[in-house]
Structure formats: C-alpha cells, structure tokens
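Have a look at the picture, then read on.

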Number of protein chains: 2
Amino acid sequence: MTQIRIFGHQNPDTDTITSAIVTADIEQQLGNEASAYRLGNIGAETQYALEHFGVKTPELLETLEDGADVILVDHNEFQQSAENIEMANILKVYDHHRIANFQTEGPLYYRAEPVGCTATILKKVYEENDLLISKEMAGLMLSAIISDTLLFKSPTTTEEDSVAAQSLAEMADIDIESYGTEMLKAGASTKDKTAEALITADAKSFEMGQRTTRIAQINVVDVDEVFERKQELEDAIHSQIDQEGYDLFVLVVTDILNSNSRVLALGTEAQSVERAFDVSLDNNSAVLEGVVSRKKQVVPQITKALS
Amino acid sequence: MTQIRIFGHQNPDTDTITSAIVTADIEQQLGNEASAYRLGNIGAETQYALEHFGVKTPELLETLEDGADVILVDHNEFQQSAENIEMANILKVYDHHRIANFQTEGPLYYRAEPVGCTATILKKVYEENDLLISKEMAGLMLSAIISDTLLFKSPTTTEEDSVAAQSLAEMADIDIESYGTEMLKAGASTKDKTAEALITADAKSFEMGQRTTRIAQINVVDVDEVFERKQELEDAIHSQIDQEGYDLFVLVVTDILNSNSRVLALGTEAQSVERAFDVSLDNNSAVLEGVVSRKKQVVPQITKALS
C-alpha cells in the first residue's frame, strides 16, 4: 500500500493545515496509509490552534514524485498547489472554492460544497462514514471554521458552517467566542512581520482571462498600523511584480473587528480594481466597505473586471 | 425562484438522460424549481427504459441564456455540454468522469466519485437527504447502472454500483438479468441506423495535449454486422474529420456479450492508437481484447500516447 500525501494550498492558512491533518485522520480510519503535509510555513494563528489542541505541525512537502497518490484539500487550482502536481495521481479533492486550472487523466473523488470552510465538509464525511471524531480533530475543524468565517462575520458563512461549529465546540469542549477571538488575535499582529512576509503569508495567484493576478490578504485589528508602512509594502509588491510578471497585485488588509478592508493595488491592471468595486484609487489604495472575503467579494469581482 | 435546468452530455446515453430526470426529482423534493433537459436525441436503449417505467422523455434544451442556473450530470467537460455553458451559472455537478476543461467563477457543489455510474452517486444523495425514492426513479437509476456497466461486465463497475443496483432492483421490483439483457439488446441493433448515426450517437470530444480527439462508441451484439459497412463508416468519419478538424477519430465497437472491442481509427494521429494499446492497425482497425470502457480503457491510454 502506498502512502497517500495530503496537503492544502501554498501559503497555508488554518483551514488548509487543519483540513490536511483531519483528512489524514479520516483516511487512516478508512484503513489507508496517509500523512498530512504542508506547502509552506504556518502562521501564528494556525500555530495557536495546533498548540491549543496539542497536535503536531505537518511536515513540509519537499518533493512530489511523478505518479504519487495525493489528496488535495482546500484548493484545486494547480498554480496554488505543489510543484509537479500535474504529474501526481489525484485520488480525492475536498474543497469549497471555485474550480479552475484543474484537470485529471482519470475519474476521481471530488467533493466541493459552497460552504464557508473545508472543515464543514469534512465533518460530514466523518458522519457519512460512521467514523470517530476525536476531541483534537473537533478542535481543529472548529478552528478552521472560525478562521475562514472570521467568527461567522464573513459573508461566506453558511448556516451549515454555524451549525457544524456549534456541534464541534461541544465535542471539543470549547467556548467559541473567547477561544475564537484569542485565536484570531494571535494571527492579527503585523508589527513583528516584514513587508515581504505580509504580502506573502496568505497570497494566491489567479489566471483571469489573459492576466495573472496575485491577491494577498492580511487579517488585522489595526489597519493603520499596516498602512503606516505603505511605501515599504509597495516596494515589496513591485519587486514581486517584477520577479513573477503579475499583471495585477492586490493586497487586501481586512479589519476583522469592523468587517471591512482597505486594498493596495499595483501593476499594469491596477485600474481594474476601480471597475471591480466602483471606487477610485487614491495613491493606489481604496477602502472597500463590508468586504472581508477574498473568495466571494474580491476574486469574482476582479475576474469580471478583467474579462 | 428561477427554474434550474438540469442536463447531461451531448449525444445522450441512458445514464445521462435518467440522471437528469432523477436529479430534477431530487431538487424538487428539496423545494427547488427544476426540470430535466436533453441535449440531443435519445437512443433505443434509453427509450426502452423510459417506456418500461412510464417516464416521459425530457425536452430538448434549445437555448441556454447567459447566467441561467444549471446543474450538470454525468459530464463536466464544456465541449461535451450545452452551447454557451461558459456563460451559465453552474450550481452543481454530479459526475463520475475525469475533470477537464471545466471551470467556474465562484464556488459550487461538485460531487464526483470514481464509480461506474452517476446514478450510484444519486442514490446516495437521496439517502443522505432522507428523500423518497419512487419506484420509477429506482427503475431509472437501475437502468443507468446496467447501461454504464454493461450488466456489471465493464471494469468500471465497482462494488458500490453492484450493491446499489441490487437495492434499486428490489425497490423497482425488477429482475436485473432479464430486464438488463432486454434493455441492452434494445440499443444494440445497428441494421436500421445510418453510418452517420452510428458514429454520432455516443461520441465525445476530448482535448488531449494539443490534439482534438473524437471517440465514438457503439455497443453491439454482432461486431461483424458493423464492420461489413467499414467503407461507409470510414467515409462518414472522414467527412466529420474534415468538418470539425479532429486530429484523431476512434470508433469503438464493443461486443457486449463477449466483452471486447474492435476499433476503427482515422486521422493524422491514428498511429497513437497503436502506441496506446500496443497493437498494429490493419486497414485502420484492430481488436482490443477485454476493452469495453471508453472512460477507463480508452481515454487515459490515448491521452498518454498523445502527450
């Protein structure tokens, strides 16, 4: 029996890391040899969750051999996945994003639902297969839902996410509000991070029409603290645009307490952000009222503006 | 509430037509307005099944408006779908094929499993949602499984398909073996069909590397009856190659009683069939022992040979 490698997207966030760990647990209970991996360094928020429930950080995936059996969680677009993913044997996908730049040679198990978090789907998979949800796994799935929905404030939150979170909180014996606020705050400090770390930590690339767009997001409690370093951030972004050839780079700085975002848009297609959100960029920046979700409130809008 | 349009692939077979009908029933039970459609004429096998269970043939989908809400069943590749599918709002997909040439702007519900038949997945959806399976819907799902698995002889057949079929046969009060043989035979006669009908009825296009391949399949009880008309078939295939620009056209004539196939391969990439199956083409034709499944035993092999 070969080892199944399970991983989420590059620049891993809490849902991606915990979903890999949880899916490995599911596969092991189903009798398969499987291990969770990560495609990059974990952030302070994820570390808080892992430490709280006493679960080890997955190993870094160094190389992916041709033909390796893999399961993807929390992503499907190849440019967000492991290098050499085109040559892997994708057995399953658990995801809650749009499908794009993804293909396989043969049939597979693909489970996507338009919910706020991959963990909400994984909880159903445990139940459908009559598997045991340990306290640790319940805590990790709960952490993922809190993270992806920003404590249920994101418009990506569905009734299913809230119900799943309530039930997981009981299994893990956790007070959602106090644990969730502490966990989000743990990941929200920007002072000790370099500009490069801020624009890299949660950044994803998207092919939109003929353009390559990079959209990075930071969740913070103090937006001004970030924009005091605007020049430094712009330099770091320009350097990435030059290196990677992005047509558009958008940094979305999300205020998790007041539920809106301020963006910084650079690149030859920066104007598309004005069309996408009906705003004027002032010194490359604009406030987007009520916008907290990259997936639902940023990616589709810019995709449309660029097509 | 807008009407959800549900349909399977072009050149509809029994699984595609019945899965559209069954999914419409599921959506209606979930409280949504939904109707099944077809993208082309139905074959004699499908007609046999619909008549046996007293279910009406779905209407032909004439046009698909921009932004229409749709659910795809039994396919995902856009070139196998409705014209204008790129502009539709794809809410859900139920499928059991590889994923390719498929993308959406936003998140969706996507349920694919590597089983022999879409109906096997739909049966689980009924159960997961505590919905009622009527005798008619059970009969249609059973017909789809018999058709796609050639009465469980195809290597695409999984344990899940067999178990689902047994249970559906009980619900529909049907003897699988006798009903299945009659249904398959109803679709297996080629005498009354034109060469063009034979190469069109169950044909799908695939993008493979830089090449466009067309793979048509006919299930028959008398392979020689088909190859007596080889010249006529070749003329019809050449005419399609000229019109559509296919690099390769493979007609797979499957003997449903003896479980093997004879292929006819034409086009500039016809040699790839020799590499794919390690055979020599004799007058553009070769016997493929044990090959009955396009999805599992033909498409991946030719994809590899062409990449």
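Predicted model: local features only at pLDDT ≥ 70, side-chain atom pairs only at ≥ 80, totals over all residues.

## A pair of buried rings

Let's begin with F102(B), which has a relative accessible area of 3%, so this residue is buried.

What kind of pair do the rings of F78(B) and F102(B) make? Their centres sit 5.5 Å apart and their planes meet at 65 degrees, so the pair is edge-to-face. The cut-off at work here is that planes over 60 degrees apart count as edge-to-face.

## Rings across two chains

Over all chains, a search of the whole structure turns up 13 aromatic pairs. One of them joins Y110(A) and Y110(B), a tilted pair at 5.0 Å centre to centre with 55 degrees between the planes.

Where does each partner of that pair come from? Y110(A) is in strand β6 (residues 109-112) of chain A and Y110(B) is in strand β6 (residues 109-112) of chain B, and the pair crosses between the chains. Both Y110(A) and Y110(B) are buried.

## Charges over rings

Rings in chain B also meet charged side chains. K92(B) lies over the face of Y109(B), 5.5 Å from the ring centre. Elsewhere, R262(B) has its charged end over the ring of F227(B), at 3.8 Å from the centre.

## One face of helix α6(A)

Over to chain A, where helix α6 (residues 176-188) has 13 residues. From first C-alpha to last, this helix reaches 18 Å, close to the 18 Å expected at 1.5 Å a residue. Its buried residues are I176(A), Y179(A), G180(A), M183(A), L184(A) and A188(A). Look down the axis of α6(A) and the buried residues fall within an arc of 165 degrees, so they line one face of the helix. There's a general idea behind this: an α-helix has 3.6 residues a turn, so residues three or four places apart point the same way.

What do the buried residues of α6(A) pack against? Their partners are α2 (44-52), α4 (135-149), α5 (159-172) and β8 (211-220) of chain A.

## Helix α2(B) and the glycine after it

Chain B has a helix to look at in the same way. In α2(B), E45(B), T46(B), A49(B) and L50(B) are buried. Seen down the axis of α2(B), they fall within an arc of 130 degrees, so these residues line one face of the helix. What covers them includes α1 (14-29), α4 (135-149) and α6 (176-188) of chain B.

After α2(B) comes G54(B), with a positive phi near 65 degrees. G54(B) is found in the loop between α2 (44-52) and β3 (59-60) of chain B. Buried or exposed? G54(B) is exposed, with a relative accessible area of 65%. G54(B) and A20(B) are 34 residues apart in sequence, and their C-alpha atoms are 16 Å apart in space.

The UniProt entry, which is unreviewed, lists H9(A), D13(A) and D74(A) under "binding site". These three span 66 residues in sequence, yet no two of their C-alpha atoms are more than 9.7 Å apart, so they gather at one spot. H9(A) sits in the loop between β1 (4-7) and α1 (14-29) of chain A. With a relative accessible area of 0%, H9(A) is buried. Leaving aside neighbours within four places in sequence, H9(A) is in contact with T16(A), L39(A), V73(A), D74(A), H75(A), Q80(A) and K204(A).

The unreviewed UniProt entry also has an annotation "domain: DHHA2", covering residues 180-306 of chain A. That span is 42% helix and 28% strand, and its end C-alpha atoms lie 36 Å apart.

## A stop at E244(A)

Last up is E244(A), in helix α9 (residues 230-244) of chain A. E244(A) is partly exposed, with a relative accessible area of 49%. E244(A) and D255(A) are eleven residues apart in sequence, and from C-alpha to C-alpha they are 28 Å apart in space.

Key
Residues numbered from 1 in each chain as written. Chains lettered and ligands numbered in written order. Heavy atoms only, no water. Helix = DSSP H or I, 4+ residues; strand = E, 2+ residues; numbered from the N terminus. Expected span 1.5 Å × (residues − 1). Buried < 20%, exposed > 50% of the residue type's maximum accessible area, 1.4 Å probe, protein only. Arc of directions from axis to C-beta. Contact = heavy atoms within 4.5 Å. UniProt positions renumbered as here; feature names shortened; annotations may be inferred. Phe/Tyr/Trp six-rings, centres within 6.5 Å; stacked < 30°, edge-to-face > 60°. Lys NZ or Arg CZ within 6 Å of the ring centre and 35° of its normal.
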